[in-house]
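Welcome! Take a look at the sequence and the 3D structure below, and then let us walk through a few of the details together.

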Amino acid sequence: MKIVIIGGGVAAFEAATAARKQNETAEIAVYSREKVAPYRRPALSGMVAHELEDARFFIKGTAFFGQERIALHLGAEAVKIDPATRTFTLATGETVAYDKLILATGAHPFVPPVPGLNGDKVAVLREFSDLEDLRARLDSGNCRRVAVLGGGVLGLELAASLLERGAAVTVVEAAPAIMPRNLDAEAGKLVMEHLAKIPGLELRFGAGAAGWDGKTLKLSDGTAVECDLVCVSAGVRANIELAAAAGLPCGRGITVDDSMRVAGYDDIYAAGDVAECDGQGCGLYNTARAMGKTAGINAAGGNATFAPEATPVRLAVLGLKIFSAGDISGTGEGGGDVMKYRKLFRDESGKLRGAILMGDVGEALKLQAEIGK
Ligand SMILES: Cc1cc2nc3c(=O)[nH]c(=O)nc-3n(C[C@H](O)[C@H](O)[C@H](O)COP(=O)(O)OP(=O)(O)OC[C@H]3O[C@@H](n4cnc5c(N)ncnc54)[C@H](O)[C@@H]3O)c2cc1C
């Protein structure tokens with residue numbers, strides 16, 4: 001049996017290793033368009049400012065793939081799938097046959113359709129090549145003032161790294177509050193006040209980008225940000241193009257059931273940020289891992305089921321430590337300041353449904369376990 005995985009992120013890695021554990025004899029191959037082996041993608045934001053040793057960046061060293069008999073093809077982009085002949089084609093024109101196919105092609109940054117944002121002096125951060133591109137721009141000395149579009153977790157992590165690189169940073173966020181899905185109004189206000197005191201960092205909330213000409217970023221409220229580069233961190237979209245062109249069912253992601261099998265196809269699976277299970281996308285590292293593992297086991301003849309778990313959000317940059325988990329809508333009990341904040345959200349029966357900690361996040365694991373019960 002030949003199991004082939006298209007993709008080179010954590011979902012692809014987990015799928016390949018789980019397939020090997022499940023099936024000692026299967027031929028297993030991974031085709032990734034990136035030129036580097038699977039790595040811990042969340043590390044990219046910090047690496048804009050710091051080098052990271054290989055052992056902490058790569059999920060496994062290259063020797064691992066040989067030991068596990070997983071053929072890792074790098075710089076290998078799949079451009080067309082033909083489910084009828086169980087083959088796909090690479091950008092080089094080579095055709096690859098499979099018995100079971102796992103699509104783990106991830107997602108790409110969403111760049112809002114704003115005039116000028118598809119042009120020059122715009123950067124995103126998703127793949128290793130994006131990191132190299134951004135570092136080169138910063139190294140050139142021509143990016144002293146940078147606007148970050150998006151005030152979510154990734155936008156703030158990126159802003160922190162850019163500040164460390166000596167750039168003056170303006171974070172532009174269309175929503176009126178920071179991290180609105182992860183912080184209640186009180187915590188959001190405290191975080192905004194904290195960030196407003198950081199030298200070199202400016203916050204522009206409640207106005208989105210309206211136009212970019214390479215020098216001036218116009219905002220929707222009529223104001224403008226003068227800068228040398230715009231970094232877009234405004235969410236992601238699943239890389240469904242390959243699957244959609246092959247006729248596979250897709251919503252925002254490729255439609256899979258809880259075995260990660262693509263609806264209507266016995267021999268094709270999808271996992272990670274490219275997949276949509278029960279109408280829910282992925283978007284988180286540990287969820288992509290779990291989906292990849294499920295797909296790998298099942299493609300190799302096993303029987304695993306993906307059970308989504310509420311994954312908490314953590315942020316530890318710019319002097320902040322934030323943990324947010326579960327459902328934080330409605331009224332919570334507690335409060336504090338940005339260095340010691342604790343708010344718990346319970347349902348009518350008193351069960352913990354959500355929590356926010358700031359500053360001292362020592363209780364995070366305990367609260368997470370309680371929410372998951
Ligand atoms: C900077 C950054 C910070 C993040 N921080 C966090 C965090 O703190 N916590 C968290 O939970 N999540 C975080 N995430 C999100 C997390 O990294 C993703 O949810 C996770 O990486 C998804 O894994 P994946 O394997 O599904 O997809 P991806 O990691 O996107 O991997 C997909 C791979 O497939 C390859 N590929 C795509 N198309 C093709 C093709 N046609 N042929 C061959 N290869 C192809 C891509 O090049 C890529 O290597 C962060 C993401 C980024 C970018």
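## A short tour

Val 30 counts as buried because its relative accessibility is 3% (buried means under 20% relative accessible area, with a 1.4 Å probe and protein chains only). This is a predicted model, in which local features need pLDDT of at least 70 and side-chain atom pairs count only at pLDDT 80 or more, while totals for chains, interfaces and linings use all residues. Residues are numbered from 1 along each chain as its sequence is written, and side-chain values use heavy atoms, leaving out hydrogens and water.

Val 30 belongs to strand β2, residues 27-31 (strands are DSSP runs of E with at least two residues, and helices are runs of H or I with at least four, numbered from the N terminus). Leaving aside residues up to four places away in sequence, Val 30 touches Ile 5, Gly 7, Ala 16, Ile 70, Ala 71, Leu 72 and His 73 (contact means heavy atoms within 4.5 Å). Asp 54 is 24 residues from Val 30 along the chain, and their C-alpha atoms are separated by 20 Å.

Now for the ligand. Of the 31 residues around the ligand, those that come nearest are Glu 34, Arg 41, Arg 126, Glu 127 and Asp 273 (near means a heavy atom within 4 Å). The table lists some polar contacts, which are pairs of N or O atoms within 3.5 Å.

| Residue | Residue atom | Ligand atom | Distance |
|---|---|---|---|
| Arg 33 | backbone N or O | nitrogen | 3.0 Å |
| Glu 34 | polar side-chain | oxygen | 2.6 Å |
| Gly 283 | polar backbone | oxygen | 3.4 Å |

Methods:
Buried means under 20% relative accessible area, exposed over 50%, partly exposed in between (1.4 Å probe, protein chains only). A polar contact is a pair of N or O atoms within 3.5 Å; within protein, one must be able to donate a hydrogen and the other to accept it, and residues adjacent in sequence count only if both atoms are side-chain atoms.
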